[in-house]
Each structure stands twice: as C-alpha cells, then as structure tokens.
Amino acid sequence: MAPNDSVLSLVTADPGLPRPNPTESYWQHIPHALADVQSSKLPTDRDFAIIGSGITGLSVARTLLERHPTATVTVLEARTLCSGATGRNGGQMAANAGEQYMHLAETHGVETAGKIVDFTFRNLEKMQELIEEYDAVELSEMQRLRKLRVFLTQGKFDDFKKSIARLEMDHPSKKGLYTILDADAVLREYGIHGASGGALLPAGTVWPYRLVTKVFAALSERYPGRLTIETHTPVESIEHSSILASLITSIYPYTLRTSRGPLRARTVVHCTNGYSGHLLPRLRGLVHPFKGTMTVQDPHSAMSNQGTAVSWGFHYPPSYDHETQRLGYGLYYLGQSAKTGYFYFGGEHARLDESISADDSFVADHSVKHLEAVLPRFFGKNGISDWRLLSSWSGIMGYSSDGLPMVGRLSTTLTGREGDGEWIAAAFNGYGMANSLMSGEALALMILGEDVSDWLPVAYGLGEKRLRETLTVPGTVNALSSKL
C-alpha cells in the first residue's frame, strides 16, 4: 500500500470506544474514591449530557453548573473517572504557541495568531488558579516553573528563533516571554548535552488526575441534585427525534444509547478528543487519534532534583526509518517530581500504525526501551543506564489536520443527524493542558448563548472557511505523509 493510502486508511478508521482494559497510568495507580462512581439507575431527561470526564468535560460541567441556576448535567465516561488523555498525559502545563507562531501568523493572520498565544498562556494561568481555588496545590504536586525547550539541531533552533522574533515584532508586549539560550548556556546552566540552543518560558507541572478528580468530587457535593457522574457507561450511539414526536422527545430530543440503557438529553457535548470520530463518523480524518508513550524513570541519586525549577522539551526534526518503519515524532517531554526525583518522560518513536491508533490497551515494548535509552543521554550519561523503570503506559491524544483545537456547535453536516444541540471541544494536538480548560469554559458559555469571540480564537471554530480550507482529510494525509 502506498504511504498516502496507508495514512488515509489509518486516519479515517473508526477509533471505536475507549478500550475497557487500558495500560495502567502511573497517575491513576491510587484510584480516587469516585473512580467507579455511577447512579444506581441511569438518569434520563437531562439538560446536558457530557461525554468524557477529562479536564475538558470537567470544565464544561463546572461552567454550566455555575452559570445556569437549574441545569441538570450528566457526565458519561466509558471507563473509570478521568481515565482518558487527561489521566494519561505527561503532567506538563506548557504552551507551544511560540514555536508555532510563524506558521499561525502566515495561515491565520497576525491578530488571530496573537490571540492563540494569549489564549494558551492564559489557559495555563487559569489552570494554576483552579488548582489554588480547590486547595489542590499540594495534592496535585503543582509547580510553577520554567520550561526549557531544547533544540537538538541547528535548523530547529533557527526556525524557533525566527518564530519568536516575528512574535515579538508583531506583538511587542510579548518581548521577554521567551528567553533564548545558546548551546553553551544550555549545557553550563542546565546540564543538557547535545543541544544546538534552547529557550525558557513560563510553565508548570501537575498531577492531572488528582486535580480533576478532586474538582469533580467538590462539584458533586455542591450540586448533588443537578450533577451525576456515570462511569463505566460508554455511549454506543446517539439518535435525534423529530420535532413532531411526543412532548418529552421534543424537550429532550437526543437519545444516547449506553451500555446501561438509554438517556434522553436536551443537549449533547462531545469531550471525546481522539475518540470523537466514533460517535461522529463525519469527523473521521478531520480529527484522528494519536497514541503516545509515557514512562516514569528513577535516576536514583545520579541526578539532582530540579522539579521545582524547570521542566523540559526536546525538539528534533521528525524522522522516519524505512527499515523499521518507525516514525520519530519530533518531540520528547520531561518533568521531574519535586518530591521523589522521578522523571516523567514521554515521546513517540513507533510505527505509524501503532501511533495513529486509539488502542491504549498495550504499550509497544520498543517505544519504552527507546525512552529508557534516550533520557540519560540528555544528561550526559552515555553508557548503559541503571535508571529504574517504574511505570510505562500509553494514552490517546486527538489531532486535527491543521493543528488547532475544534471548539463549537456541530452542524447537521458534521453530525449526520437533525438538530442543532450537539457541541464539541476536542483535538488538542498534544497540548490539552494549554487549551482544554478554557476551551471547555468557552463551549459551555456558547451553549448558554454568551459571546466569547473576544477571547476564544476564531481559528478554533468550525466555520465553513476552516472546513473548506484547513480542516480537511487531504490536509491530514498530507501533514502525516510529509514525515515519511
């Protein structure tokens, strides 16, 4: 099969439902008390049915409950609470709009590109504010720190510097947001080997599962009559009833068929990220799953603990090995526990059919071994490392053809169903922590009829122009095929 045909087949496949037996994420190794929560009987006739219980679903639920005095909300989760991307990610609170800025400005214009930069950094601030509001700083091990972006080739470093220079030229208020470092400074000040250069930016780290579950618990206590959380309740299909049907179905026109029976709802909110194409087949190829690999590695006393000061990202040109058919994605991400010194290290180095996949029930052994071999080298440990592997797992991200989230109302063209009561916030392209909280908030406010256009980037919307020009199946195929 030709590369383009193979990619097309992968990105347009049905991602299916979240697998019932995922690899165990280190973040979830002590389950929360609400991990398996569900009502004794599935409720029905709800104002809002939210599919997905990660940070996005939490944000939508919280905003609806706080801003609407009587709204009834049911959160539906196929597996345990917060068991998708949020509960399986790298624990990084970092934005990538700076390195993307040049492309964003050329594609969407200077104003929209600047809005995306503002949105992602403000999202990180709001994440930190949420953690403080719910007294979860210690529980979630949240750290405010700086991220060191390390560029492993001169070409990647030069491209980054050009992008930041353009950002500062177009938006003078952003001067000083990024601090550029040469290779000597990266080695001398941070002990990182093999760099062509680097940059520091404001960021953070967090134990995401602990945050989300704590906030859900607080909301459950605050709104006991209005919020229900239904874990182990996969939504298998969605139907819309004609307006000519009975009074009940005209008020609650959507029927969600679940493993525990039907649920009727006025409005359906898709917070399903890489799995979105299952219930929305017309989105397949516009958004596709991408499987990431994470590890926890213990360097013993070989490394000082920098977990309160810095996290890391390592950038290199995407690479493809024709012999092994493995794709190097172009990024490794690293955080360190301030408490234990453990390294949380992730990155993708796998065959395309392993990566463009929604199956997190296994983690590829060669991907884990690759991460074990690569990490010590960044710190100058070039021999065989005796660092201990404590945990490894996989997680499913959602990617769009144009690299931007999808936030807005789903048209009947996209749902294939009658009715205008389906909405989506998904496709965070590996940067959910810099987008999800405010995307969920924006979506909830849009559902309630509020105008968010002054702060939600228009490029995140589902307008005709985007669907015609950048959010397309050929766009997805071309973007992936160009790496092969």
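Tutor: Begin with the word contact, which here means heavy atoms within 4.5 Å. Keep in mind that this is a predicted model.

Student: Which residues of H2 meet H7?

Tutor: On the H2 side they are Ile 55, Gly 57, Leu 58, Arg 62 and Glu 66. Their partners in H7 are Val 212, Val 215, Phe 216, Leu 219 and Arg 222. By class, this contact has six nonpolar residues, one polar and three charged.

Student: How is the packing of two helices described?

Tutor: Two quantities are used for a packed pair: the angle between the axes and the distance between them. For H2 (residues 55-67) and H7 (residues 208-222), the axes come within 11 Å and the crossing is roughly 25°. Angles under 35 degrees count as roughly parallel, so H2 and H7 are roughly parallel to each other. Their crossing is left-handed.

Student: At what angle do H2 and H13 cross, and which residues make the contact?

Tutor: The crossing is at roughly 40°, and the axes of H2 and H13 come within 7 Å. H2 is therefore oblique to H13. The crossing of H2 past H13 is right-handed. H2 contributes Ile 55, Thr 56, Ser 59, Val 60, Thr 63, Leu 64 and Arg 67. H13 contributes Ser 436, Leu 437, Gly 440, Glu 441, Leu 443, Ala 444 and Leu 445. Sorted by class, the residues of this contact are seven nonpolar, five polar and two charged.

Student: Are H4 and H13 roughly parallel or roughly perpendicular?

Tutor: The axes of H4 (residues 110-133) and H13 (residues 436-447) come within 8 Å and cross at roughly 95°. Angles from 65 to 115 degrees count as roughly perpendicular, so that is the term for H4 and H13. From H4, the contact takes in Phe 119, Arg 122, Asn 123, Lys 126, Met 127 and Leu 130. They meet Ser 436, Leu 437, Met 438, Ser 439 and Glu 441 in H13. The classes here are five nonpolar, three polar and three charged.

Student: Now the empty space. What shows where it is left?

Tutor: A probe the size of a water molecule is rolled over the atoms, and this shows where space is left empty. In this structure there is one cavity of 30 Å³ or more. The largest cavity has a volume of about 80 Å³. Its lining comprises 13 residues, and those closest to the centre are Lys 291, Thr 293, Ala 350, Glu 354 and Ser 367.

Student: Which strands and helix each supply at least two residues of that lining?

Tutor: They are strand E11 (287-298), strand E15 (343-351) and helix H10 (352-355). By class, the lining of the largest cavity has six polar, four nonpolar and three charged residues.

Student: How much space lies in the second largest pocket, and what lines it?

Tutor: The second largest pocket holds about 310 Å³ of space. It is lined by 19 residues, with Pro 22, Gln 28, Arg 79, Thr 80 and Ser 83 the closest to its centre. The lining of this pocket divides into nine nonpolar, seven polar and three charged residues.

Key: Residues are numbered from 1 along each chain as its sequence is written. This is a predicted model: local features need pLDDT of at least 70, side-chain atom pairs count only at pLDDT 80 or more; totals for chains, interfaces and linings use all residues. Side-chain values use heavy atoms; hydrogens and water are left out. Axes are lines fitted to C-alpha atoms, for helices over the stretch in contact, and angles run from 0 to 180 degrees between N-to-C directions. Helices (H or I, at least four residues) and strands (E, at least two) are DSSP runs, numbered from the N terminus. Angles under 35 degrees count as roughly parallel, over 145 as roughly antiparallel, 65 to 115 as roughly perpendicular and the rest as oblique. A crossing is left-handed if the near helix is turned anticlockwise from the far one by less than a right angle, and right-handed if clockwise. Ala, Val, Leu, Ile, Met, Phe, Trp, Tyr, Cys and Pro count as nonpolar, Asp, Glu, Lys and Arg as charged, and the others, Gly among them, as polar. On a 1 Å grid over the protein atoms alone, a cavity is a set of points where a 1.4 Å probe fits but cannot get out, and a pocket is an open set with protein on both sides within 12 Å along at least five of seven lines; lining residues have an atom within 4 Å of a point. Grid points are joined across faces, edges and corners, and a volume is the space filled by probe spheres set on the points.
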